Amino acid sequence: MDLPSGLNADVGSGGHVIADQTFTVGVPKRGLVADTATPFVGRLSLIPVEELPLPKKTDSLTTGQSVNELLPPRAFGYHKGQAGRVSIVAGSPGMWGAAVLCAQGALRGGAGMVTLYAKSEAAPVLQPLLDPEVMLKTLPEDWSTIGGDAIVIGPGLGTSKSSREMLFKVLTERKCPVVLDADGLNLIAAAGRFDCLGKGVLLTPHPGEMARLNSSHGTRAERVRALAEQSGSTVLFKGSRTIVTEPGAKLHYNTTGHPAMATGGQGDTLSGVLGALLAGGLSPLEAGRVGAWACGRAAEIALSEGESEQSLTPTRISEYLGKAFRSARIRSRLCLEND
């Protein structure tokens with residue numbers, strides 16, 4: 001309750017109690033989101049107190065209540081064009097599954113239309129694996145001709161010379177927001193082409209990709225801030241306490257998720273969800289916050305409904321995204337996310 005015994009509330013050191021879940025009261029203590037505190041704090045929930053309003057300029061937690069505020073109910077006349085078109089450039093021999101998971105995430109993340117672009121020889125492999133709602137098209141030689149309200153590039157893409165050249169062209173000539181994940185990030189890191197990034201790009205590195213892009217030194221907070229400033233882009237730094245920020249902005253710490261998410265493919269699903277949220281009109285910062293929370297919450301619900309730390313897969317997380325989004329709306333008076 002409020003703070004695991006022994007944990008320093010300011011710097012997150014000295015923890016003694018290893019909690020499954022910490023319910024912090026009023027204003028979150030800075031030490032709860034320190035790197036050293038994560039093993040002791042576990043799942044983090046905020047119990048708001050009306051007399052203690054949250055400071056607006058300090059780093060914050062992404063909770064179900066804040067997610068709900070970013071996802072107003074759709075008007076009765078809402079149509080698929082308003083939900084947005086997501087275009088995905090992903091997959092290569094041996095990694096077609098990444099493209100499938102990304103498309104699943106986009107579909108269940110709210111996109112009105114999802115199109116996966118892949119090389120022509122991939123069609124016999126991919127078509128039976130894709131949801132019937134996903135359109136499969138041949139990847140054009142010039143990727144900059146790909147349309148959409150948001151583009152996701154990178155899951156299982158590979159790092160060929162042609163992919164590198166086309167990626168840089170898309171980023172230079174982009175007309176819509178772009179999510180860069182996996183090999184999309186690796187291509188940027190290898191070439192040092194941060195000049196192609198900037199506003200409207202959402203980078204989603206895990207710790208290994210972050211080390212290639214920026215540095216493996218410093219705290220997670222320091223590293224995500226540095227990459228945001230260096231790239232001029234929004235950064236979602238994955239981990240047991242995912243952090244989202246953009247240049248000049250405060251840090252937003254995700255509160256959902258658990259160790260059962262430690263399996264390949266989770267990032268591919270997340271990228272698809274992020275693409276859907278961008279296509280639906282959220283800013284990269286808003287999409288990053290909502291996407292990280294929703295995927296973590298879906299994993300929590302899956303665990304409560306029969307999955308285990310050993311059995312949970314990204315496909316199953318996609319299947320629980322609906323309940324995750326619903327849970328952001330079904331609030332108790334204290335906004336506890338255990339519905």
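The model is predicted: local features need pLDDT of at least 70 and side-chain atom pairs count only at pLDDT 80 or more, while totals for chains, interfaces and linings use all residues. Residues are numbered from 1 along each chain as its sequence is written, and side-chain values use heavy atoms, with hydrogens and water left out.

## The sheet

Helices (H or I, at least four residues) and strands (E, at least two) are DSSP runs, numbered from the N terminus. Ten strands make up an open sheet of mixed pairing, in the order E3-E12-E11-E10-E9-E8-E7-E4-E5-E6. Strand E3 (60–62) and strand E6 (135–138) lie at the edges, each pairing on one side only. From one strand to the next, the twist averages 20 degrees. Two strands pair if DSSP finds at least two bridges between them. E7 and strand E8 (residues 178–180) are joined in the parallel sense over three bridges, and Ile151 stands opposite Val178 in E8.

Helix H9 (residues 220–231) packs on this sheet and touches strand E9 (201–203), strand E10 (234–237), strand E11 (243–245) and strand E12 (252–254). The direction of H9 makes about 150 degrees with that of E10. Axes are lines fitted to C-alpha atoms, for helices over the stretch in contact, and angles run from 0 to 180 degrees between N-to-C directions.

## The cores and helix H10

A nonpolar core is a set of buried Ala, Val, Leu, Ile, Met, Phe, Trp, Tyr and Cys residues joined through side-chain atoms within 4.5 Å. The largest such core holds 53 residues, and Val86, Ile88, Leu126 and Val290 have the most contacts inside it. Elements giving two or more residues to this core include strand E4 (85–89), helix H4 (96–108), H10 and helix H11 (284–304). H11 supplies the largest share, eleven residues. Contact means heavy atoms within 4.5 Å. Apart from its neighbours within four places in sequence, Val290 is in contact with Val67, Leu70, Leu71, Leu277, Leu282 and Phe325. A second, separate core of 46 residues includes Phe40, Leu46, Leu167 and Phe194.

Helix H10 (residues 266–279) is largely enclosed by the rest of the structure, because 14 of its 14 residues are buried. After H10 comes Gly281, whose phi is positive, near 115 degrees.

## Salt bridges

The structure contains 13 salt bridges, each a side-chain nitrogen of Lys or Arg within 4 Å of a carboxyl oxygen of Asp or Glu. Asp59 and Arg225 form one of them (3.2 Å, N to O). This pair links distant parts of the chain, 166 residues apart: Asp59 is in the loop between strand E2 (43–47) and E3, and Arg225 is in helix H9. Asp142 and Lys169 also meet in a salt bridge (3.0 Å, N to O). Here, too, distant parts are linked, with Asp142 in the loop between E6 and E7 and Lys169 in helix H6 (residues 161–173), 27 residues apart. A further bridge joins Arg316 and Glu307 (2.7 Å, N to O).

| Residue | Relative accessible area | Class |
|---|---|---|
| Asp59 | 23% | partly exposed |
| Asp142 | 24% | partly exposed |
| Lys169 | 27% | partly exposed |
| Arg316 | 27% | partly exposed |
| Glu307 | 16% | buried |

Conventions: Buried < 20%, exposed > 50% of the residue type's maximum accessible area, 1.4 Å probe, protein only.
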